[in-house]
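Colleague: I have not looked at this one before. Can you walk me through it?
Modeller: Go ahead and ask.

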Amino acid sequence: MEKILLPDIKDFHLIDVYESNGGYSAAKKAFTQTSDEIIDQVKKSGLRGRGGAAFLAGLKWSFMPKTTDKPKYLCVNGDESEPGSFKDRQIFEFNPHQMIEGTIITCYAIGAKTAYVYIRGEYHKWIKLLQKAIDDAYTKGYLGEKMKETFGTDFTCDIYIHKGAGAYICGEESSLMNSIEGKRGYPRVKPPFPAQNGLWGCPTTINNVETIANVPKIIEKGWEWFSKIGHPKHPGTLLFGVSGHVNKPGVYELPSGTLLTEIIYSHAGGVPKDKKILCVIPGGTSMPPLRGDQLEGVKMDAESLKEVGSAIGTGGVIVMDEDTDLVKVLARIAHFYHHESCGQCTPCREGTGWLEKILKRILAGKGSTSDLDLLIIVANQIEGNTICALGEAAAWPVKFMVDRFRDYFEQRVSKELSLPVANKVHSMRHTAFPLADVKN
Amino acid sequence: MSFKFTQENLDKIEQEVKKYPVRKPAVMAALYLGQEQNGFISNEVIKEVANVLEMSAEEVLGVVTFYTMYHQKQMGKYHIQVCTNVSCMLRGGYEIWDQVKDKYGIDHLGVTDDQKFSLEEVECMGSCGTAPMIAVNEDFYENLSKEKVEEILASLGSAN
């Protein structure tokens with residue numbers, strides 16, 4: 001199978017090697033067409049966002065207003081903070097120019113003269129690597145004023161890196177925009193949507209790094225070619241990041257719709273010591289987990305995963321063998337979302353803390369059967385009641401793991417234990433956490 | 001203690017400002033520079049950043065407290081970050097966390113008395129496929145075992 005995003009070509013990250021393999025020819029081709037034609041091709045290709053929501057990229061672009069006095073912006077989302085997701089850094093390291101070329105084409109299609117690549121602050125190394133690639137692209141005349149000469153067009157655009165500083169929520173598109181604006185990374189209420197009211201109140205499109213990196217190949221080889229790869233409703237290859245209990249963890253580029261079992265057993269080398277699989281999270285920790293006995297025949301694309309009650313997310317596959325302590329895993333996941341909740345919406349700010357505390361109680365062997373119901377009640381109170389999707393991201397793993405592994409969790413709690421006070425909110429507020437302890 | 005940016009850093013901030021239509025977005029880069037020059041983000045650093053970027057100190061403080069990579073106290077010369085999120089945890093992240101904690105006798109966001117080492121339990125760093133991992137300042141160390149961690153820590157010297 002041909003790899004679209006991470007081809008096996010030595011030194012492909014270098015601009016000369018990229019050029020000698022046809023690099024930047026897609027941009028040249030794009031400038032011979034109108035922006036509407038580009039959007040139309042990406043729409044027809046069926047390219048869907050790779051950042052989690054799997055929204056149609058071409059459709060998103062078409063929301064950008066055609067006539068406006070305001071400048072337009074593109075944000076390329078490389079915040080990549082979802083636990084289990086580590087694919088964008090592969091693109092920064094091994095194929096940065098395809099992403100840059102995709103950014104140029106996208107800017108042209110939506111009429112943006114400035115693109116910001118948002119990269120998480122911890123990725124010091126990858127920020128340097130991408131900056132080097134951007135500098136090289138400027139030197140070669142693929143960006144900035146020199147574009148006019150190189151591409152024979154009136155259009156110019158600039159790419160800047162905006163470095164984050166350690167906040168998972170900044171991967172959420174409206175939070176990302178606030179972060180670029182130099183504010184706390186609070187998500188914004190939608191509507192208005194970014195295409196109407198984005199960066200500094202101007203029309204803005206936000207796409208994931210992997211989504212953007214696909215664009216040059218669609219322009220080069222045509223939308224028909226792309227639409228025939230993998231699952232017809234979610235075409236293309238996906239970068240599956242496999243981690244946890246597998247022999248060969250890593251990123252594997254495979255057509256969408258590849259069997260989950262094939263990814264785990266053929267590509268990632270199976271489970272160490274041939275242990276059984278207890279649980280798999282198919283798309284990063286916010287996605288509903290699957291039981292080990294549920295994996296047969298599961299295909300890895302947005303549509304197929306929906307059918308089995310999960311979602312593709314960022315394609316981060318986390319495998320857990322039969323000896324894994326699922327309570328510990330879930331408590332760790334709950335801790336993460338509690339830590340990363342921005343604190344704007346009460347259900348998420350308070351609810352994520354509740355989930356963590358209840359799970360830690362169960363982990364300490366002090367949980368009661370009613371705690372399992374309480375977890376689901378709290379999760380349901382968060383879901384759908386928040387400004388952004390971090391609410392769902394926190395609620396789903398808890399809700400679905402407790403539900404799908406009810407037998408497992410019931411063995412870890414006691415039927416006899418009951419909490420001393422009926423009103424548990426009241427009891428936690430006034431006795432369990434005296435004010436003196438609340439330092440943070 | 002008053003704080004003023006060096007001319008070199010002021011120039012760097014102006015370079016950052018050029019990326020954006022207004023001055024404010026450069027606050028994140030300016031805070032990194034302030035942290036680097038001063039060792040941590042003091043109230044004086046906040047005032048200086050606010051002054052340079054024509055913001056209120058409160059706005060700058062709001063940014064500082066939102067992001068975990070800005071430190072309001074002096075961290076160690078070697079800031080050791082250990083990921084214990086799920087993918088690392090499944091491959092021994094917590095064993096490494098305990099190992100580093102025990103070695104220096106400090107906990108999350110603790111600093112050794114000689115200010116040489118500090119420790120942070122971090123959330124997923126994107127090294128899931130090469131787990132477990134630690135980071136020392138800006139450098140990632142991946143595919144670790146307890147022995148490898150011991151080697152890395154030994155290369156940093158010992159706490160006085």
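Colleague: What is the handedness of the crossing of helix 1 and helix 2 of chain B?
Modeller: Helix 1 of chain B and helix 2 of chain B cross in a right-handed way. Keep in mind that this is a predicted model.

Colleague: At what angle do the axes of those two helices of chain B cross?
Modeller: At roughly 165 degrees, and the axes of helix 1 (residues 7–17) and helix 2 of chain B come within 9 Å. Angles over 145 degrees count as roughly antiparallel, so helix 1 of chain B is roughly antiparallel to helix 2 of chain B.

Colleague: Which residues meet there?
Modeller: From helix 1 of chain B, Asn9(B), Lys12(B), Ile13(B) and Glu16(B). Helix 2 of chain B contributes Ala29(B), Ala30(B), Leu33(B) and Gln37(B). By class, this contact has four nonpolar, two polar and two charged residues.

Colleague: Now the two chains. How many residues are in contact between chain B and chain A?
Modeller: 30 residues of chain B contact 43 residues of chain A. Helix 2 (27–38), helix 4 (57–66) and helix 5 (86–89) of chain B each give two or more residues to the side that touches chain A. That side of chain B has 19 nonpolar, seven polar and four charged residues.

Colleague: And chain A, which domains are assigned to it?
Modeller: Domain 1 (15–227), domain 2 (237–321) and domain 3 (326–437).

Colleague: How many residues of domain 2 are in contact with domain 3 of chain A?
Modeller: Nine residues of domain 2 of chain A, which contact 11 residues of domain 3 of chain A. On the domain 2 side, six are nonpolar, two polar and one charged.

Key: Residues numbered from 1 in each chain as written. Chains lettered and ligands numbered in written order. Predicted model: local features only at pLDDT ≥ 70, side-chain atom pairs only at ≥ 80, totals over all residues. Domains from an automatic or database assignment. Contact = placed C-beta atoms within 7 Å. Nonpolar A, V, L, I, M, F, W, Y, C, P; charged D, E, K, R; others polar. Helix = DSSP H or I, 4+ residues; strand = E, 2+ residues; numbered from the N terminus. Axes fitted to C-alpha atoms, helices over the stretch in contact; angles between N-to-C directions. Parallel < 35°, antiparallel > 145°, perpendicular 65-115°, else oblique. Left-handed = near helix turned anticlockwise from the far one by under 90°.
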